[in-house]
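Biologist: Please show me the model. I have some questions about it.

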Amino acid sequence: MSTNLNIVVIEDHDALRDVTVAALAGHGHKVIGLECAEALYERKDIEWIDLMIIDLNLPGEGGLSLTQRIRNVYPNIGIIIVSANNLAEHKRLGYDSGADIYLTKPTSLDELSSAVNALARRLKQSHKTNTSSPQICLRSLTLQGAGMVVQISQHEASALIAFVRAADHRLESWQLLELMGSHGSEYTKASLEVAIVRLRKKLVQVGAAPHPIRAIRNYGYQLCEELGLAD
């Protein structure tokens with residue numbers, strides 16, 4: 001019996017990305033295709049991730065860096081690297097960065113689907129969270145930790161998930177304005193600061209350090225607290 005997964009495909013070749021997304025969706029998976037690593041934390045509609053398929057040669061942040069960062073944030077998801085580079089050293093770097101499977105282009109859709117199915121069997125058995133840190137529960141829109149459960153809004157959840165996925169956990173003000181529901185000029189930097197203050201308080205309530213989100217002058221904000229994702 002197949003397991004339906006939430007899959008993110010990060011591939012900058014438009015046609016290959018579209019074909020891959022369509023093929024995996026045809027097997028019953030929920031699949032989102034992105035053209036670069038940076039798009040991962042700018043999309044509001046990506047919540048729980050079971051598996052990622054990552055091309056190494058990406059514009060902006062490279063696939064190896066992304067793989068390593070994602071593995072640190074999501075220790076239990078499946079990661080498949082797909083690359084035109086078949087050198088043993090590059091494969092070793094891919095596995096050392098956190099990939100479960102390294103496939104060499106051109107990869108047939110049948111081979112990719114088989115790799116996804118193999119990981120699906122493991123993922124079904126091993127979804128665990130790091131309960132030593134505060135947890136974001138997307139299903140109930142809550143923060144959990146230190147014996148407390150605190151309600152958060154959908155916008156707050158989107159911002160926290162984006163922080164967790166971003167390089168160095170940093171986001172620019174304009175990115176946060178969009179994630180927090182900016183429409184034109186109605187959501188200003190001043191109101192964003194108020195929203196960040198409110199979010200800091202909620203994080204502290206569930207066991208975060210006193211300053212879990214810090215302001216970065218002329219840039220935006222940085223999440224300074226490790227957060228886990230609860231199923």
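Biologist: Is Q154 buried, partly exposed or exposed?
Modeller: This is a predicted model. Buried needs under 20% relative accessible area and exposed needs over 50%. Q154 has a relative accessibility of 37%, so this residue counts as partly exposed.

Biologist: Which residues is Q154 in contact with, leaving aside its neighbours within four places in sequence?
Modeller: Q154 lies in helix 5. Contact takes heavy atoms within 4.5 Å. With the sequence neighbours within four places set aside, the partners of Q154 are E47 and L141.

Biologist: How many Å apart in space are Q154 and G26, C-alpha to C-alpha?
Modeller: In sequence, 128 residues separate Q154 from G26. In space, their C-alpha atoms are apart by 29 Å.

**The cores**

Biologist: Which residues have the most contacts inside the largest nonpolar core?
Modeller: This core has 51 residues. Those with the most contacts inside it are L40, M52 and I136.

Biologist: Which element gives the largest share of this core?
Modeller: Several elements each supply at least two residues, among them strand 1 (6-10), helix 2 (63-73) and helix 7 (189-205). The largest share is seven residues, and it comes from helix 5.

Biologist: How many residues are in the second, separate core?
Modeller: L5, V9, L24 and V116 are included in this second core. Its residue count is 18.

**Helix 7**

Biologist: How far does helix 7 reach from its first C-alpha to its last?
Modeller: Helix 7 has 17 residues. At 1.5 Å a residue, 24 Å is expected. The span in the model is close to that, at 24 Å.

Biologist: Why are the buried residues of helix 7 on the same side?
Modeller: The buried residues are L192, A195, I196, L199, K202 and L203. An α-helix has 3.6 residues a turn, so residues three or four places apart point the same way.

Biologist: Which exposed residues does the face turned away from the buried side of helix 7 carry?
Modeller: The buried residues of helix 7 are covered by elements including helix 5, helix 6 and strand 10 (213-216). The face turned away from that buried side carries the exposed residues A190 and K201.

**Confidence**

Biologist: Which element has the lowest mean pLDDT?
Modeller: The chain averages a pLDDT of 87, and 92% of the residues score at least 70. Strand 3 (residues 51-55) has the highest mean among the elements, 96. The lowest, 77, belongs to strand 12.

Conventions. Residues numbered from 1 in each chain as written. Predicted model: local features only at pLDDT ≥ 70, side-chain atom pairs only at ≥ 80, totals over all residues. Heavy atoms only, no water. pLDDT = per-residue confidence, 0-100. Helix = DSSP H or I, 4+ residues; strand = E, 2+ residues; numbered from the N terminus. Core = buried A, V, L, I, M, F, W, Y, C linked by side-chain atoms within 4.5 Å. Buried < 20%, exposed > 50% of the residue type's maximum accessible area, 1.4 Å probe, protein only. Expected span 1.5 Å × (residues − 1).
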